Amino acid sequence: MLYNDTVKIVENKDLRLSNVLKLKSLAHSVASIFGPCGLTKLVLKTKDEYFVTQKGHKIATTFTNKTPIVNILKRLMATQHTNCGDGTKTVLLLIGLMLEKANKLVEEGISPQIINKGYFLALNKCLEIIENNQIALNGKNEDCLIKIIECTLTNKYSIHVKDYFINLLKSLNENNESMVSVLSEHDFHDYYFRKVAGNGLLDSELLHGFIIYKNKPNSIMPDRILNPNILLIQKSIDYFIKENHSMFLESSVESTQDHHKLVGFEEDYYKKLSESIKNKGIDVIFCQKRVNEEFLNSCSKLGMIVLDSVGEKEIKTLSMMLHIGPISSINEISENDVGIADIAEFKKFAKDEMLIIRKRKANTLTFLLRGGTKHVLDEFHESLETAIRVGYNTLKSMKVLPGGGAIELQCSQQLQLYANNFADKLQLVILEYAKVFESLIGYIIVNSGEDPLTIIPNLKKFHSQKKNNYGYDVKAKSIVNVIDNGTLDDYFTKVHAIKIATEMACQINRIDRLVMVHDRKLYEELEQQGKQQKMEKRNEDIRQYFKKNEEDFRM
């Protein structure tokens with residue numbers, strides 16, 4: 001017996017159909033939010049917790065089905081988001097369509113092995129088609145970098161909001177250099193986002209510097225310091241904390257007089273310590289651990305800003321921005337331990353107070369986002385972050401693709417011609433693979449409020465006349481030259497999505513049996529019994545062997 005009573009087996013046709021129906025249902029859940037005119041989803045997690053999103057990977061986290069195929073898909077979408085920041089809905093739709101086509105082919109008598117071979121042939125040809133249609137960035141078309149960021153934000157927000165944030169990015173170009181050169185000075189991970197509810201999106205700012213969510217500890221601490229010298233400290237500034245070996249002191253308090261002496265000593269000690277640090281030119285201290293309140297008050301009276309319990313990530317960010325490292329002992333401060341900024345100031349927005357550290361031409365950039373509610377800010381944050389991530393993907397590949405469904409139609413039409421090179425069942429497989437890309441164009445058109453049965457045939461006429469850069473403009477509701485129009489797709493995101501979707505579809509297509517343990521406790525009991533039975537059988541075999549060869553052993 002291959003499996004015991006605790007195992008349930010789902011085989012072949014039932015399993016294949018189950019997988020296809022699950023993935024088709026999940027793909028349908030994101031179909032309405034696909035493309036530039038896609039809608040958004042309101043996701044209610046609990047009674048009082050909800051969010052609004054258009055991101056595929058966030059919607060995938062709400063999938064309640066716990067079957068292996070759904071978990072595999074969620075991990076794949078997470079991979080797409082981690083590597084590209086966009087394209088998660090494309091991955092889900094591609095897999096759903098590919099498996100639907102594969103199931104149809106299986107029902108027609110074509111084996112999964114042939115389907116997978118055809119899919120991989122089609123994938124390689126598809127990548128070749130994309131490579132032949134890509135547009136390389138150079139000195140003449142560097143504006144494509146900004147245009148592709150614009151395209152990622154298009155129609156998700158008003159034209160005024162989009163233009164405002166594009167102008168914020170353009171403001172980084174202070175010396176009239178190319179945007180490729182300007183953005184190359186930074187990395188995607190140099191961008192930080194801080195959100196404050198209140199006012200509108202057009203009141204947002206892009207700062208050269210960093211923001212720390214901390215209230216001003218007391219009223220005597222200065223609100224603002226120009227050209228501050230900044231010190232980063234890892235250890236606590238408190239002589240009663242044992243981990244602080246350079247400051248730690250022991251004291252015994254047995255009477256009121258002892259207590260008064262201790263208080264007096266404490267005031268005098270921290271006053272001298274703060275004065276010695278101020279004499280070294282330090283204006284701002286960020287401490288990762290606890291700071292004694294007496295020391296904090298002494299520093300405030302001397303016109304210094306001191307914040308304690310600053311997060312480890314924030315200390316690392318400040319360290320990179322100021323080009324200094326955090327120190328362990330406050331008694332050993334050198335010139336190399338001190339960083340310089342342009343300004344450090346506390347700002348209050350409604351109930352929120354924060355410290356803003358500005359430094360001109362710093363690698364660290366922070367978007368201070370304003371908006372009506374937390375949900376508006378969260379949605380815009382993810383959209384803006386995606387747009388910037390796509391821009392940096394383009395910066396790495398230095399390639400863009402024609403958008404508006406132009407590249408998808410090229411893949412579909414040229415794959416259909418490529419299929420004619422095969423006279424057997426592979427031709428049918430490649431033709432079905434080609435139809436997947438045409439379906440993607442259909443989703444874009446439907447979500448823009450038009451009829452794909454009218455638009456797609458007209459688009460094919462342009463491509464049949466070798467006008468390969470023509471696609472559908474969802475704003476103008478017409479077919480245009482998308483390169484001239486500035487409707488572009490990210491090369492890296494598109495290629496990555498097609499690759500991982502095809503590979504995953506082929507893997508799922510090969511699955512012919514699902515083995516499930518439906519009673520884990522009973523399974524472990526039976527497994528343990530099986531081990532005991534094997535051990536007893538082995539011992540019996542040994543006894544029989546010695547009994548049979550007893551005379552030989554006596555000799």
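This is a predicted model: local features need pLDDT of at least 70, side-chain atom pairs count only at pLDDT 80 or more; totals for chains, interfaces and linings use all residues.

Residues are numbered from 1 along each chain as its sequence is written, and side-chain values use heavy atoms, with hydrogens and water left out.

Overall figures, then. The secondary structure comes to 19 helices and 19 strands; these are DSSP runs numbered from the N terminus, helices being H or I with at least four residues and strands E with at least two. Of the 555 residues, 47% count as buried, where buried means under 20% relative accessible area, exposed over 50%, and partly exposed in between, with a 1.4 Å probe and protein chains only. Among contacts with a separation of 6 or more, 74% are between residues 24 or more positions apart; contact means heavy atoms within 4.5 Å.

Now the sheet. It is open, has 6 strands in the order E5-E14-E6-E13-E12-E7, and its pairing is mixed. Two strands pair if DSSP finds at least two bridges between them. At the edges are E5 and E7 (224-226), each pairing on one side only. On average, neighbouring strands are turned by 45° against each other, direction ignored. Axes here are lines fitted to C-alpha atoms, for helices over the stretch in contact, and angles run from 0 to 180 degrees between N-to-C directions.

Lysine 347 has methionine 354 in E13 as its bridge partner.

H12 lies across E5 and E14, at about 165° to E5.

That brings me to the aromatics. How many aromatic pairs does a search of the whole structure find? It finds 13. Rings of Phe, Tyr and Trp (its six-membered ring) pair if their centres lie within 6.5 Å; planes under 30 degrees apart count as stacked, over 60 as edge-to-face and the rest as tilted. Phenylalanine 165 and phenylalanine 380 have ring centres 4.5 Å apart and planes at 50°, so they are a tilted pair. Phenylalanine 165 is in H7 (residues 159-170) and phenylalanine 380 in H12 (residues 374-397), 215 residues apart. Phenylalanine 165 is buried at 1% relative accessibility, and phenylalanine 380 is buried at 1%.

Phenylalanine 193 and phenylalanine 367 are stacked, 5.5 Å centre to centre with 10° between the planes. Because phenylalanine 193 is in E5 (residues 191-197) and phenylalanine 367 in E14 (residues 365-371), this pair ties together parts 174 residues apart in sequence. Phenylalanine 193 is buried at 10% relative accessibility, phenylalanine 367 at 0%. Both pairs belong to one aromatic cluster, formed by Tyr164, Phe165, Tyr191, Phe193, Phe367, Phe380 and Tyr392.

Last, leucine 296, in H10 (residues 293-301). Is leucine 296 buried or exposed? Buried, because its relative accessibility is 8%. Not counting residues up to four places away in sequence, leucine 296 touches Pro217, Asn218, Met221, Val291 and Val306.
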